[in-house]
Each structure stands twice: as structure tokens, then as C-alpha cells.
Amino acid sequence: MGRVIAIANQKGGVGKTTTAVNLAASLAAAEKRTLLIDGDPQGNATSGIGLRADQIGPTVYDALIGERALSDTIVRNVNFAYLDVVPATPDLAGAEVELVARTNRERMMRNGVASIRDHYDFVLIDCPPSLGLITVNMLAAADSLLIPLQCEYYALEGLSQLLNTVHLLQRSVNPELAIEGVLLTMFDTRLNLSRQVATEAREYFGTKVFDCVVPRNVRLAEAPSFGKPIILYDVASIGAQAYIAVAKELLARQT
């Protein structure tokens with residue numbers, strides 16, 4: 001049975017989609033059967049992984065509101081033989097309203113993911129930068145939560161709200177939801193602030209914080225505009241090497 005990991009942080013610009021895309025690509029390159037679900041109406045993971053508009057049929061929106069099976073929305077073999085993608089378009093924003101009147105509205109995604117998880121080693125879900133009904137659905141479907149944490153001021157402040165949401169979900173919808181880990185992103189070795197945030201995160205979360213950190217890297221920022229994960233855009237860059245290391249560490253944690 002595949003491990004379902006939601007990548008979430010309600011603070012925007014922390015490297016959430018960058019992590020989802022590049023971790024999925026690194027796992028697929030390691031020949032792990034990987035499914036990337038774009039759960040964000042902005043659709044940045046969809047374009048960042050290299051899916052063109054003409055390749056997109058049914059999307060995660062159709063699965064979330066129950067009009068299509070999740071298996072019908074999967075685009076196979078995207079850039080890698082072991083990587084499948086469930087794309088998102090701006091239509092997904094409408095699901096936030098449409099789900100309100102549904103019974104079991106928090107479990108729509110959970111049911112969909114349960115039907116396909118056996119076909120994969122890893123299912124990664126890129127969540128929106130909010131704590132609305134879409135994010136709740138994605139977290140309800142997950143086994144664990146991976147939190148990208150930007151090494152900047154205010155980074156730790158918003159985490160309490162996210163952790164409160166996790167605790168509420170554990171009590172109501174998904175008692176098995178665990179913290180997979182905290183990944184430090186946009187790390188700049190020249191800044192005392194980056195080191196300070198890293199120290200505080202390790203004090204608070206302990207071994208949940210990944211040993212690997214993702215540095216600030218221009219190549220990482222450029223790759224999405226070419227519709228490529230960093231290991232296809234520039235595998236020699238420090239950004240690519242960082243995500244390969246994160247994937248290795250994640251795999252080591254599963255054994």
C-alpha cells in the first residue's frame with residue numbers, strides 16, 4: 001500500500017509546490033511508483049511538472065466533487081516512467097463552495113485516494129496555501145503531513161494554526177494523520193536568520209526536521225517556467241542535489 005503524504009503550509013511562498021514537484025520527480029527517478037496530486041487551484045504543480053493544457057482532461061476538481069473516479073483523472077508517465085499526475089485547473093476553487101452542502105464533505109478526497117493508493121509507492125498531494133475545505137479534504141486523505149518551512153522571519157508563527165488544524169482532523173476525520181516531517185527551505189548559509197530558524201525548528205520538532213535542507217537556488221526558481229522539475233532542468237545544481245537528498249532521506253525514514 002502506497003504512502004500518502006500531503007505537503008501543506010497555509011503560509012504562501014514557502015516552497016510547497018517546489019517541494020511537491022521536485023520530490024515527486026526525485027522519487028520517480030529512483031523508480032518508485034509515484035503519483036503527484038495537484039490540490040491547489042493555481043495549478044502550479046501541474047504546469048511545473050510539465051503538463052500542457054492539451055494533455056489535461058478531467059482534473060482533481062471532477063474527482064473531489066464526485067463526478068469522476070480519481071483514476072479517470074490521472075495523466076500517466078509524465079516526464080518519467082514512474083510518475084503519474086492528477087492535474088488541477090482554476091475550476092478547483094469552485095469546489096470550496098460546492099462541497100459545503102455535501103454530506104461527508106471532508107472525506108471526498110479520502111475515498112478517491114483509497115481507490116488508487118495500492119498502485120503506488122508514494123502519493124504526494126500539493127495543498128493550497130490556506131486551511132479551507134480543499135486543504136481539509138487533502139489532509140483527510142493523507143497518512144502524513146510534510147511541512148515546508150521557509151527559513152525566514154515569521155516562519156514559525158503560522159505553524160501553530162496548521163498544527164491546530166491537524167489536531168482537529170485527528171480527532172474527527174483522520175485519526176491516523178501523522179507529521180511526516182518538517183523540511184527547511186530557502187536556506188541561506190550566509191544569514192544568521194536562516195540558522196536561527198533552523199535551530200528553533202529543531203528544538204520544537206526534534207527529529208521530525210529533515211537533516212537535508214533546501215537552499216536558495218536560482219535554478220530552482222527558473223525550472224517551473226520551463227515546465228521541468230529541477231533534476232531535468234539542471235541536475236548538477238545545488239537545488240537538484242538537495243531534492244535528491246531529501247528523497248533519499250524520505251526513503252530511509254520509511255524503512
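How many salt bridges does a search of the whole structure find? The search finds 12 salt bridges, a salt bridge being a side-chain nitrogen of Lys or Arg within 4 Å of a carboxyl oxygen of Asp or Glu. This is a predicted model, in which local features need pLDDT of at least 70 and side-chain atom pairs count only at pLDDT 80 or more, while totals for chains, interfaces and linings use all residues. Residues are numbered from 1 along each chain as its sequence is written, and side-chain values use heavy atoms, with hydrogens and water left out.

**Figure 1. The whole chain.** The chain has 11 helices and 6 strands; helices (H or I, at least four residues) and strands (E, at least two) are DSSP runs, numbered from the N terminus. The radius of gyration is 17 Å, close to the 18 Å that the globule rule gives for 255 residues, so the chain is as compact as a globular protein of that length. That radius is taken over C-alpha atoms, and the globule rule is 2.2 Å times the number of residues to the power 0.38. Along the principal axes, the C-alpha atoms fill a box of roughly 50 × 40 × 35 Å. Of the 255 residues, 54% count as buried; buried means under 20% relative accessible area, exposed over 50%, and partly exposed in between (1.4 Å probe, protein chains only).

Figure 2. Among contacts with a separation of 6 or more, 78% are between residues 24 or more positions apart, where contact means heavy atoms within 4.5 Å. The chain has 23 positive and 27 negative charges, and their mean positions are 3 Å apart. Lys and Arg count as positive and Asp and Glu as negative, with His and the chain ends not counted. The place of a charge is taken as NZ of Lys, CZ of Arg, CG of Asp or CD of Glu.

**Figure 3. The salt bridge between Asp 121 and Arg 33.** The closest N and O atoms of Asp 121 and Arg 33 are 3.1 Å apart. This pair links distant parts of the chain, 88 residues apart: Asp 121 is in the loop between α5 (108–114) and β4 (122–126), and Arg 33 is in the loop between α1 (16–29) and β2 (34–38). Asp 121 is partly exposed at a relative accessible area of 26%, and Arg 33 is partly exposed at 36%. The loop between α1 and β2 also holds Glu 31. Glu 31 is not a glycine, although its phi is positive, about 65°. With 53% relative accessibility, Glu 31 counts as exposed.

**Figure 4. The salt bridge between Arg 76 and Asp 84.** The closest N and O atoms of this pair are 3.4 Å apart. Is Asp 84 buried or exposed? Asp 84 counts as buried, at 7% relative accessibility, whereas Arg 76 is partly exposed, with a relative accessible area of 47%.

Figure 5. Arg 219 and Glu 222 meet through their side chains in a salt bridge of 2.8 Å, N to O. These residues lie 3 apart in helix α9 (residues 218–222), a separation of about one helical turn. An α-helix has 3.6 residues a turn, so residues three or four places apart point the same way. Arg 219 is partly exposed at 31% relative accessible area, as is Glu 222 at 26%. A network of salt bridges links Arg 219, Glu 222 and Asp 234.

**Figure 6. Helix α6.** This helix (residues 133–141) is mostly covered, with 9 of its 9 residues buried. Among them are Leu 133, Val 136, Asn 137 and Ala 140.

Figure 7. Tyr 153, in the loop between β5 (144–150) and α7 (159–172), counts as exposed at 57% relative accessibility. Met 186 lies in the loop between β6 (178–185) and α8 (192–205) and has a positive phi of about 55° although it is not a glycine. Gly 206, in the loop between α8 and α9, is partly exposed, with a relative accessible area of 32%. Gly 206 and Asp 143 are 63 residues apart in sequence and 20 Å apart in space, C-alpha to C-alpha.
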